[in-house]
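Here's a quick tour of a protein fold, meant to be read with the structure open beside it. Have a look around before reading on.

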Amino acid sequence: MAETGATSDLSPVGAVGLTPMQRLRNILGGSAGNFVEWFDWFAYVSFAIYFSSAIFPGDDQTTRLLKTYLPFALGFVARPLGAYLMGVYADKAGRKAALTLSVSLMCAGSLMIALIPTSGQIGLLAPLLLTVARIAQGLSVGGEYGASATYVSEMSSRKHRGFWSGFLYVTLIAGQLAAVLLLVILQQLLTEAQLQAWGWRIPFVIGAMFAVVVFWIRMRMHETPAFATAGEHESRGKSMMLFTHYPRETAMIFVLTAGGGAAFYFFTTYMKDFLVNSAAGPTGDGFGKEAAALITTALLVCFMAMQPLVGWLSDQVGRRPILIASFGLGALMTYPISMAIMAATTASQAFLLCLPPLVALTGYTAISAIIKAELFPAHLRASGVAVPYALAQALFGGNVGTTALSLKKAGHEPVMFWIIAGLLAAGLVVAMLMRDTRRHSLILED
């Protein structure tokens, strides 16, 4: 891949004034904030099956879930705007400033959802307020990914960037896992009626409290050496240069994210509802909510544990071979495995069937941050990571739930499996065409 637009005035430098322990604390601090962002984001999906009746009354379960997924999709639509605004801010004011702002916005969105009255109390204002809160969270998450991926990539040492890149998805998955674990705990402590009446508000209160803690942590982090040494570059924060000076790199990130993001949301976020609504289950009428939550929890633990290992492997063999294997295997197995999951009758069958596509997907998620950050120079890096990623997630990742449920209602659910496989196949083509960013990185610092 051509290194279009690479600047020649930036030379390799060390981690200016930072000890290895300080650098480690900064990396962990940046990753910890990612946990809070994604806990709040996935709490929505984890508890949607309970609060859907409070915000969208009547109709059957699938229709209520479909309505609940619409604000979720709108949150994804807001992500490109958040990515653009926060990316520009991160490239101009610094990675630390953007990370602090994003977690503050997420806190506000979570509190808003926790306090929303039901539709029985305020009518149509309930879904309207829910949508506003999701848009606020979408702006936050859209900006968070670019800033955190850039921060961790720039703060890591050259030899271990793949390994530390994996920790971004560790914290992302940990946030999702925490939301699912909280669901499992509350399902044991509260009745179905209590969860639907008020229990679904608990995770959003907890998420807001987490955000306050992370805000305090991020206020004490160092700025990255790459941002500090880049100087006042004349193109700093000019996001339109992504399309004029880096069109190939921007397009590659878009396609990789479309395939990897859609597969991620299908096999993790949507899988719980898929097991309830579409799998055969023990009685032929789907798995129970509690069983589906336990299956997805076990899957997320395994998926999370694999991230640093695959990231470390990319430091040894390169990013490109890992991507090729990930997208190739994912494209081949998505349709047959998804059909097999629909026929699963036991929890162990469902778990073992869901695991292989997640193993394949790890080849993308573990190095997602670093392959994007390595494509851009410091003065455009946060925007370059965030904008094409958020655009692809808005168009593909955020619509997985609504598209899958719509196809199910229309009686064409297997079409969704082909869509995911096709997006992964497109990602495979890009992975085969791109150069290995480990050897051709524009992150010049050691």
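This is a predicted model: local features need pLDDT of at least 70, side-chain atom pairs count only at pLDDT 80 or more; totals for chains, interfaces and linings use all residues.

The protein is built from 20 helices and has zero strands. As for its overall dimensions, a compact globule of 446 residues would have a radius of gyration near 22 Å, and the protein comes in at 21 Å, which agrees. Here are a few whole-protein numbers side by side.

| Property of the protein | Value |
|---|---|
| Box filled by the C-alpha atoms, along the principal axes | roughly 65 × 45 × 40 Å |
| Accessible surface | about 15,700 Å² |
| Radius of gyration | 21 Å |

Carbon and sulfur atoms own 71% of that accessible surface. On the inside, buried residues account for 61% of the 446. Contacts also reach across the sequence: take those between residues at least 6 apart, and 87% of them join residues at least 24 apart.

The largest nonpolar core holds 119 residues, and the members touching the most others are Phe51, Phe264, Tyr265, Phe266, Leu275 and Leu323. Helix α7 (residues 161-189) is the top contributor to this core, giving 14 residues. There's also a second, separate core of eight residues, with Met241, Leu375, Phe376 and Leu380 among them.

Setting aside neighbours within four places in sequence, Leu323 contacts Leu256, Gly363, Tyr364, Ile367, Ile371, Ala431 and Met434.

Over to a helix pair: how do α19 and α20 pack against each other? Helix α19 (residues 400-409) meets helix α20 (residues 414-433) at an angle of about 145°, with the axes 8 Å apart. On the α19 side, the contact is made by Val400, Thr403, Ala404 and Leu407, while α20 brings Val415, Met416 and Ile419. By type, the residues of this contact split into six nonpolar, one polar and no charged.

Last stop, a loop. Thr118 sits between α4 (95-115) and α5 (119-122). Is Thr118 buried or exposed? Its relative accessible area is 19%, and the cut-off for buried is under 20%, so Thr118 counts as buried. Neighbours within four places in sequence aside, Thr118 is in contact with Ala54, Gly123, Ala126 and Arg201.

Notes. Residues are numbered from 1 along each chain as its sequence is written. Side-chain values use heavy atoms; hydrogens and water are left out. Axes are lines fitted to C-alpha atoms, for helices over the stretch in contact, and angles run from 0 to 180 degrees between N-to-C directions. Helices (H or I, at least four residues) and strands (E, at least two) are DSSP runs, numbered from the N terminus. Contact means heavy atoms within 4.5 Å. Ala, Val, Leu, Ile, Met, Phe, Trp, Tyr, Cys and Pro count as nonpolar, Asp, Glu, Lys and Arg as charged, and the others, Gly among them, as polar. A nonpolar core is a set of buried Ala, Val, Leu, Ile, Met, Phe, Trp, Tyr and Cys residues joined through side-chain atoms within 4.5 Å. Buried means under 20% relative accessible area, exposed over 50%, partly exposed in between (1.4 Å probe, protein chains only). The radius of gyration is taken over C-alpha atoms; the globule rule is 2.2 Å times the number of residues to the power 0.38. Accessible areas come from the Shrake-Rupley method with a 1.4 Å probe; for residues, only the protein chains shown count as cover.
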